[in-house]
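Okay, everyone, let me put this one up on the screen. I'll go through the two chains in turn.

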Amino acid sequence: MTVIELNDLRKSYRTHRALDGVTLTVGRGEIFGLLGPNGAGKTTVVECASGLRRPDGGTVRVLGLDSRTRRRELLQRVGVQLQEAALPDAIKVGEALRMYSSFYDRPADWRALMEEWGLTAMKRARFAGLSGGWKQRLFIALALVGDPEIVFLDELTTGLDPAARRMTWGLIRDMRDRGVTVVLVTHFMDEAEALCDRIAVIDRGRIVHEGTPDELMARCDAGSLDDAYFTLTGRTA
Amino acid sequence: MRGLGNVIAIELRLAMRDPMAAFFALAFPVVILWVKMRNGGTLPGGLPIIDAFVPMLSVFVLGLASLVVLPATLAQYRERRVLKRLRATPASAGMILGAQWAAHMLLAVLGTALLTVVGLVAYGLGGPADLTAVVLAWVLGALSLGAIGLLVGALVPTGRTATVVGLALFFPMVFVSGALSAWETLPASMRSIGGLTPMAPAVRAVRAGWEGQPVSPLTFAAMAAIFLVAGGLGLRAFRW
């Protein structure tokens with residue numbers, strides 16, 4: 001079953017064409033990876049699909065809802081972890097989770113989520129005092145606090161140490177096993193290879209490849225996803 | 001709405017954790033009261049000055065929370081992309097702005113309560129004579145000045161600019177509107193200018209209620225009108 005349908009998505013910022021006709025679909029329960037060089041349009045895809053940005057052209061249907069007209073309804077059912085976002089300096093971890101959970105009609109149990117993401121020890125820590133890794137974990141937990149059917153994770157493991165990355169991968173697989181659809185923006189080929197059921201490679205606002213990691217490697221006759229990515233975009237990850 | 005109460009409670013705590021906001025809203029007005037009360041005495045007309053200064057400074061606190069702290073918080077949230085993250089939740093702009101307004105008004109309520117207690121304990125404060133009128137006047141003052149604060153917070157790009165604009169509105173206003181110097185002691189020219197500021201009806205109405213004097217419905221209407229216009233513009237101009 002398709003839960004995300006983007007059709008000929010176009011978006012320009014002043015003179016820069018960020019998306020130049022992006023079409024893709026994501027099925028329920030998939031971990032879908034969005035790969036591409038900096039500035040390729042990955043974040044814009046996520047922002048359009050989650051209703052944060054209005055595309056200039058094309059259609060966005062998420063969970064059968066048009067993201068332009070039924071944004072609020074949609075936001076009850078999707079969770080977003082943004083690359084550039086913050087919380088107030090003085091807010092404590094527990095307060096942030098409690099506050100965000102109160103925005104949703106049927107939230108997840110924020111205390112359980114805090115436990116699951118290893119944040120309980122940091123419950124009384126202020127946001128400003130958290131290291132990058134802890135902030136990242138908190139953002140992921142906040143993306144999940146509405147008990148979403150789809151989560152968009154933009155540069156999920158950036159700033160995490162290797163152990164935390166492995167832990168995060170495990171939790172992402174758990175999420176998928178519970179039926180949550182995951183859209184993952186990443187720069188890390190090992191991450192895409194380890195986690196993603198399907199991948200879209202985006203370059204200069206266009207999808208240059210879509211398929212499973214194996215298909216991608218086969219198409220480029222490459223030994224690793226890294227090599228395949230390089231062949232497709234002409235750039236290193 | 002469950003979310004609203006939650007956000008208000010957390011935002012109030014955040015404001016109290018900010019040493020600058022807490023000092024200016026809670027301690028600073030008490031210091032001013034102490035300075036003003038060192039000479040004691042009465043105003044022209046025979047009113048003991050404590051009975052004028054507690055209501056006046058309650059509007060001072062309200063103005064500070066509304067015009068300086070509230071826009072700075074909002075603009076900083078925009079600058080730091082706190083609002084951007086909130087936008088990715090089902091929380092509406094009205095809810096976020098309403099919660100910010102309420103939290104900052106509660107900060108001003110705490111400042112006012114502190115002034116009242118100090119006035120009662122240390123300086124023999126009388127009244128308020130008409131509590132209902134004082135509360136009504138204060139709430140309308142909070143709505144009108146708070147709406148101006150939301151409008152400033154919606155228009156300025158950064159927290160720093162918000163503080164500058166807020167202070168530029170606040171300081172001249174408290175001097176000429178009778179919130180810092182009793183209007184009885186202001187020169188006539190200043191009084192006529194001050195009467196045109198949005199802080200003046202709040203000062204007039206809170207003081208009148210405190211002394212048990214009747215308040216002109218026009219004074220209340222002026223505050224309601226400011227609230228509707230500034231609030232409407234603020235909501236329209238608001239960007240995440």
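This is a predicted model: local features need pLDDT of at least 70, side-chain atom pairs count only at pLDDT 80 or more; totals for chains, interfaces and linings use all residues.

Residues are numbered from 1 along each chain as its sequence is written, while chains are lettered from A and ligands numbered from 1 in the order in which they are written.

Chain B has ten helices and zero strands; helices are DSSP runs of H or I with at least four residues, strands are E runs of at least two, and both are numbered from the N terminus. Its radius of gyration, over C-alpha atoms, is 18 Å, which agrees with the value near 18 Å for a compact globule of 240 residues (the rule being 2.2 Å times the number of residues to the power 0.38). The C-alpha trace spans about 60 × 35 × 30 Å along the principal axes of chain B.

Now chain A. There's an open sheet of four strands here, ordered S2-S1-S4-S5 with antiparallel pairing, where pairing takes at least two DSSP bridges. Strands S2 (16-27) and S5 (65-66) of chain A are at the edges with a single partner strand each, so one side of each has no neighbour in the sheet. S1(A), residues 2-13, is joined to S2(A) by nine bridges, and A:Glu5 sits opposite A:Thr25 in S2(A).
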